[in-house]
Amino acid sequence: MSEQVKRPQRRGPHGRGPAEKPKDFKKAMAQLLRFLKPFLVPVVVALAFAVAGTVLNLLGPNYVEDLTDLIEAGFLAPIDMAAVTRVCILLVVLYGCGLLFSYIQGLIMASVTQKNAKALRTAISQKINRLPLKYFDSHAIGDVLSRVTNDVDMIGQTLNQSLVTFVTAVVMLIGSVVMMFVTNWVMALTAIIASLVGFVFMFLIMGKSQKYFVRQQRFLGEIDGHIEEVYAGHNVVKAYNAEQAVERQFADINYKLYTSAWKAQFFSGLMQPLMAFIGNLGYVAVCVAGALLVSYDVIGFGVIIAFTLYVRLFTSPLSQLAQAFTSMQTAAAASERVFEFLSEGELSDESGKTAYLAPEKVKGEVTFEHVRFGYDPGKIIIHDFSAVAHAGQKIAIVGPTGAGKTTMVNLLMRFYELDGGCIRIDGIPTSDLTRENIHDLFCMVLQDTWLFEGTVRENIVYSKQNVPDEDVVRACKAVGLHHFIRTLPRGYDTVLDDKANLSAGQKQLVTIARAMIENAPMLILDEATSSVDTRTEVLIQQAMDRLTVGRTSFIIAHRLSTIKNADLILVMNGGDIVESGTHAQLLERGGFYAELYNSQFEQA
């Protein structure tokens, strides 16, 4: 659009906003689990296989104890190889089944997490289409992209790895404690007491590190937003020699990201050596206690061997739990960002509306009745706008920058809702029509061109089905674009991508041809000729004259020479109409319009 009348400025990539409110770990995880509800059955099955594999691994040390006792008995008599073989075969079966169950749960969880990530991305994509434009006025595009990519990927990785790890670690921890007490309660108490300190340190570190994982995800979104903005406007950055200022902004965000990520990873990195120390301490305690019990013939040597395995099975879950909690903290921060986006206010539901204007039957009479509007509540910028555009008329809206011209077009298209008054099309209030119906009634050519990666033809017939090639060629000839397209390597089948070097004027011509193909009953031209040279402007003006025949047209223009033949010129200033009439009438009055017009031809 050509202007944003006192619109709230989009938050910069390093700005502050709602994302900085305190994070709620439990709430974020609860939202994620609710989203996982459709996948509950396969998740439960995967967890069941994981638990079964863990239980099988817990039974192993018990048979290792028997195997050790058999070997120890062989010091005084021949070893019972048949019994040893039976125990070894049983161990192989146990550990083999444990491996198979782990493989099955991994396969199921990989499928579930990818389907969940796909569902999240789909939900975000659908949400974007339901959000009002005011959301995008106040949020950086890069931050939204970061939620779709970084945050969703983080959630997927956590579900795939940490969820199963957490459950199996809990089962392993409880199971190993039970098996240790079944084997020998004295050594069980020794191992648990020696390892209790690990729990204390783990939860202390968890409490300290959570906020840093939240900050890490937020600053990651901010740096994505900054890079996206700078990349999109790199020509402006270079033209204004703003490289150093941009680098300082980037360095500021990058340092915050570095600091939060460093602290998060530092606390996370403490888990592994801490758990290793606790595990080794447990080994020492078990060996000392076991040696004393063996010396008093309370236990056999096989119990010590079994307990060294149980200590490993007992301390290993502590480390796994710490890592799982660390990942789940990051996932919670990512989940909150994703679900914060999904919970944003949407456009009102219009499924109950019955009013409908068929595009082929629309006359095109538009009435503005005492329209009031403000982008921010309490800050009205359109105070009392009233005007009538009769069917087939060419209505020009002119005025200085910030007068409210583009705002009126936004309201006409129902991109924003009115604060007061009414806009009618053929007598029907636009509030009674669905937005989709209103958009079908207009074709638009904006100052900001938008082309996607696709062929020239695909860009011209955008969202229009079954358009004959003859119509595409006719539209391009009308805007003077056909000759240029024929010079392209593959003509109308040339793909417009980063390598396609189209000028700003040529891109604008493509969008004008697109509007001709749309062939809607009403037309909006918002600075449509601002990016073309004078000669091209004449060609476009001639094409626009043909395009506007029989259509109610709204033309926003700074070049007043392009709207001389308008049926009605509305002169806006400060959100209100200060003058109206034809070009000749307004010049004759010598008012505000005459001043604007003459200021453009002072050198003539």
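Modeller: Before you ask anything: two strands count as paired if DSSP finds at least two bridges between them. Also, keep in mind that this is a predicted model.

Colleague: Okay, take strands β3 and β10: in which sense do they pair, parallel or antiparallel?

Modeller: β3 covers residues 394-398 and β10 covers residues 552-556. Four bridges link the two, and at least two are needed, so they pass as a pair. Within β10, I555 is the bridge partner of A396. The sense of the β3 and β10 pairing is parallel.

Colleague: And what is the strand order of the open six-stranded sheet?

Modeller: Start from the edges, β6 (442-445) and β12 (576-581), which each pair on one side only. From one strand to the next the twist averages 20°, and the pairing is mixed. Reading across, the order is β6-β9-β10-β3-β11-β12.

Colleague: Switching to pockets, which helix gives the largest share of the lining of the second largest pocket?

Modeller: That pocket has a volume of about 360 Å³. Its lining has 19 residues, with P132, K134, F373, Y416 and E417 nearest the centre; by class, ten are nonpolar, two polar and seven charged. The largest share is three residues, from residues 133-137, which form helix α4.

Colleague: Last one: what kind of aromatic pair do F35 and F339 make?

Modeller: A search of the whole structure turns up 13 aromatic pairs. In this one the ring centres are 5.9 Å apart and the planes sit at 65°. The partners come from distant parts of the chain, F35 in helix α1 and F339 in helix α9, 304 residues apart. Planes over 60 degrees apart fall in one class, so this pair is edge-to-face.

Methods:
Residues are numbered from 1 along each chain as its sequence is written. This is a predicted model: local features need pLDDT of at least 70, side-chain atom pairs count only at pLDDT 80 or more; totals for chains, interfaces and linings use all residues. Side-chain values use heavy atoms; hydrogens and water are left out. On a 1 Å grid over the protein atoms alone, a cavity is a set of points where a 1.4 Å probe fits but cannot get out, and a pocket is an open set with protein on both sides within 12 Å along at least five of seven lines; lining residues have an atom within 4 Å of a point. Grid points are joined across faces, edges and corners, and a volume is the space filled by probe spheres set on the points. Ala, Val, Leu, Ile, Met, Phe, Trp, Tyr, Cys and Pro count as nonpolar, Asp, Glu, Lys and Arg as charged, and the others, Gly among them, as polar. Rings of Phe, Tyr and Trp (its six-membered ring) pair if their centres lie within 6.5 Å; planes under 30 degrees apart count as stacked, over 60 as edge-to-face and the rest as tilted. Axes are lines fitted to C-alpha atoms, for helices over the stretch in contact, and angles run from 0 to 180 degrees between N-to-C directions.
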